[in-house]
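This briefing is meant for a reader coming to the structure for the first time. Please look over the sequence and the model before going on to the points below.

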Amino acid sequence: MQSKSLAPQRGSRELDVCVEDETMGYLNRKDVQEAMHARLEGGVPKWTVCSSVLEYKQLDLQIPTINIVGGLVKSGVPVLVYSGDQDSVIPLTGSRTVVQRLAGWLRLGTTAAGYRVWFEGRQVGGWTQSFGGGALSFATVRGASHEAPFSQPERSLVLFAAFLAGRPLPDSFQ
């Protein structure tokens, strides 16, 4: 495993180009696997990013997950759909449209605040909208790419912490 880091032209943050190696090492630790209640089974010797254990068929990629998400919401499981606003793989406009249509299909009203800004510290963290009293929520993460926690870890932490605590995203500077 070789670790290197690149210094961006501006700012003081460094980008770890070996994050995949570090993630694999972390997820293969016994204490981490026990904490996550994860077991290696079926002859799998260790966790890897890509393996042949799961085989995806190209046609399976076309199966819509909207019914599964709708079923979760109907059964009382809160759902958060989020997108990085710089995601070139899944544009936020598509995710937002799907969430709005799902909310309409489930007859979930929007919160009084509607589509609003949320904050991380003294910065705009993104935009958010909740339906059905938080049963279904959509949020963007400002400055985030397809893997929002990797490109915007602080904002992603605020997003996940609020969701897991059942709280709305901050609506003012902190």
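In this predicted model, F173 counts as partly exposed, because its relative accessibility is 47%.

**Aromatic pairs**
- F119 and F173 form an edge-to-face aromatic pair, with 4.9 Å from centre to centre and 65° between the planes.
- F119 belongs to strand β4 while F173 lies in the segment after α6 (153-165), so the pair ties together parts that are 54 residues apart in sequence.
- F119 is buried, at a relative accessible area of 11%.
- Searching the whole structure gives 3 aromatic pairs, and one of them, Y115 with W127, is stacked because the ring centres are 5.6 Å apart and the planes stand at 20°.
- This pair links distant parts of the chain, with Y115 in the loop between α4 (92-105) and β4 (116-120) and W127 in strand β5 (residues 123-131).
- Y115 is partly exposed at 28% relative accessibility, and W127 is also partly exposed, at 39%.

**Charges over rings**
- The charged end of R122 sits over the ring of F173, 4.8 Å from its centre.
- R96 lies over the face of Y115, at 3.4 Å from the ring centre.

- On the surface, L40, W47 and V49 form a nonpolar patch with about 220 Å² of accessible area together.
- W47, found in the loop between α2 (30-35) and α3 (66-74), is partly exposed at 32% relative accessibility.
- Q33 lies in helix α2 and is buried, with a relative accessible area of 8%.
- The C-alpha atoms of Q33 and W47 are separated by 9.8 Å, and Q33 touches residues including L40.

Technical notes: Residues are numbered from 1 along each chain as its sequence is written. This is a predicted model: local features need pLDDT of at least 70, side-chain atom pairs count only at pLDDT 80 or more; totals for chains, interfaces and linings use all residues. Side-chain values use heavy atoms; hydrogens and water are left out. Patches are made of residues with over 30% relative accessible area and no salt bridge: like charges are joined within 9 Å, nonpolar side chains (Val, Leu, Ile, Met, Phe, Trp, Tyr) within 5 Å. Accessible areas come from the Shrake-Rupley method with a 1.4 Å probe; for residues, only the protein chains shown count as cover. A salt bridge is a side-chain nitrogen of Lys or Arg within 4 Å of a carboxyl oxygen of Asp or Glu. Helices (H or I, at least four residues) and strands (E, at least two) are DSSP runs, numbered from the N terminus. Buried means under 20% relative accessible area, exposed over 50%, partly exposed in between (1.4 Å probe, protein chains only). Contact means heavy atoms within 4.5 Å. Rings of Phe, Tyr and Trp (its six-membered ring) pair if their centres lie within 6.5 Å; planes under 30 degrees apart count as stacked, over 60 as edge-to-face and the rest as tilted. A charge sits over a ring if NZ of Lys or CZ of Arg is within 6 Å of the ring centre and within 35 degrees of the ring normal. Lists of a residue's contacts leave out its neighbours within four places in sequence.
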